[in-house]
Amino acid sequence: MKPVLLLVLAALGLILVQAVLWPWLVPLVVKPDLVLLLTVYLALTSSPNRGAVAVFLLGSWYDTLAGSHPGLHGVVLLLVFWVVRYFSRRMNTESSFFIISMSLLATLLQALLIICFGSFAGAGRLWPVIFAELPLQLIFNFFSGLIFLLLVSRIGLSLQIYVPRDEELV
Amino acid sequence: MLKPSRKYRTLILACLLLLVALLLYSTHLRKRPDTSLFHRMVLQLTAPLEGSVRSGVRYLTGLWDGYVWLVGTGEKNRNLQAENRKLQAELTRLVEVRFENQRLKKLLTFREQSNLTALPAQIVAEDASSWFRTQMIDKGATDGVIDGLPVVVAEGVVGRTFQVTTGQARVLLVNDASSAIAATLQNSRSRGVCRGQGDYLLLDYIDHEVDVRVGELLLTSGTGGVFPKGLVIGVVSEIRRADYGLFQTIRIRPSVDFSRLEEVLVLSPGAIE
């Protein structure tokens, strides 16, 4: 129960920072995607089943405050979760900066997936908007990844990459 | 028996002294600008002493004024600083109230001039994602807000409501990529569809032959079923006419600064009809 509660509180805090605090502090449309960072963290450290469910619920929650297409972030974040998991099992995960490189990969992937799935939802010409803001988004996510690393080490949260059991290696 | 000289010695001395004093005084009165040798000598001899005494007195006065007399001044200073901070905060609040008052007055004037039934609302949150342009307002179903109501400010169109909850609703801004509004160019009266593109808007389906000028106003046409006719959407900022093709590409600068939105008006269904 404790990790679930922690996750809910973390998600609530991060969404509030993105939707309320950041726009109040910084007059920029682009903001660090902390929910994406949380997705990457879950992809690296949690078990696949629990993590996937949590990420899907997180994405659905995110949909209530981001964009106008319910379900879009649920799908996109879930796909990001699986791709990050796939890469984390095939790369050198010993460096703590691995989470930052994964957050950058996740940002690119999320942008592509939103363009793709957004077009299905009739989101119009979304790609010019996303391409125009992608460089700044990558910079923000890079720095928020760095801050996230510092916080994680301060709080004492685990950055241990999840190692699947044999039956999960399918 | 004492000699007379000895008997009156004190008196004589007193008179002599008095005489010397009077002489010196009379001499000083006559030669006022000049400083006598005596005075110079006295001044030179006493100057260091006076200086020392003055310094000592100053030190003691300073000690008294700065420490003994000011026992409560530190506390008084802290109180004054606290009061100053409080007044500063109050001043900031009043300035903010003045600005809010100006904005609300503008909205009120707009509402009175347009004769529309409108519900004032405040922006409480922005879109959590960087890719989309939505905002959340503090009015919801309990206030009579439903899906698809137009949201405006005095400067022009803001967007339309969606995802309405009991106490809050989200507004899809006109500059979101999903947004499309039926629009009319003010001078040429050509109709098209205005779509959001992030920082700007694009006007589609304007005939290649139509004469459009930079600076021309773009208004809602009222045919889309959401926005009443004649609301300002933006201003033509760029026109591209290719050598071929049926339509021209028209870029629109929104009349509303979405990053500075604080209060908006939600137009009620009666206003749209």
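**Entry 1: salt bridges at the interface**

I began with charge pairs across the interface of chain B and chain A, and the rule gave me three salt bridges there. I kept in mind that this is a predicted model. For the structure as a whole, over all chains, I noted eleven salt bridges.

I then picked one pair to look at: A:Arg125 with B:Asp204, whose closest N and O atoms sit 3.2 Å apart. Where do the two partners lie? I traced B:Asp204 to strand E8 of chain B and A:Arg125 to the loop between helix H5 (98-120) and H6 of chain A, so this pair joins two chains.

**Entry 2: polar contacts and who supplies them**

Next I looked up polar contacts between chain B and chain A and found 16 residue pairs, both residues at pLDDT 80 or more. On the chain B side, I saw that strands E1 (118-126), E2 (134-137), E5 (169-173) and E8 (201-207) each supply at least two of the residues that touch chain A. Which strand gives the most? My note says E1(B), with three residues. I also sorted the chain B residues on that side by type and got ten nonpolar, seven polar and seven charged.

**Entry 3: extent of the interface**

I count 24 residues of chain B in contact with 31 residues of chain A. Interface size is often given as the accessible area lost when the parts come together, and I wanted that figure too. Between them, chain B and chain A bury about 2,300 Å², with 55% of it on carbon and sulfur atoms.

**Entry 4: a bent helix in chain A**

Last, I turned to helix H6 (residues 126-155) of chain A. Its 30 residues would reach 44 Å in a straight helix at 1.5 Å a residue, yet I read only 38 Å between the end C-alpha atoms. Where does H6(A) bend? I placed the bend, about 50 degrees, at A:Leu134, and noted that a proline, A:Pro135, follows within four residues.

Terms used: Residues are numbered from 1 along each chain as its sequence is written. Chains are lettered from A and ligands numbered from 1 in the order in which they are written. This is a predicted model: local features need pLDDT of at least 70, side-chain atom pairs count only at pLDDT 80 or more; totals for chains, interfaces and linings use all residues. Side-chain values use heavy atoms; hydrogens and water are left out. The expected span of a helix is 1.5 Å times one less than its number of residues. The bend at a residue is the angle between axes fitted to the seven residues ending there and the seven starting there. Contact means heavy atoms within 4.5 Å. Buried area is the accessible area (1.4 Å probe) that two parts lose on being put together, summed over both. A salt bridge is a side-chain nitrogen of Lys or Arg within 4 Å of a carboxyl oxygen of Asp or Glu. A polar contact is a pair of N or O atoms within 3.5 Å; within protein, one must be able to donate a hydrogen and the other to accept it, and residues adjacent in sequence count only if both atoms are side-chain atoms. Ala, Val, Leu, Ile, Met, Phe, Trp, Tyr, Cys and Pro count as nonpolar, Asp, Glu, Lys and Arg as charged, and the others, Gly among them, as polar.
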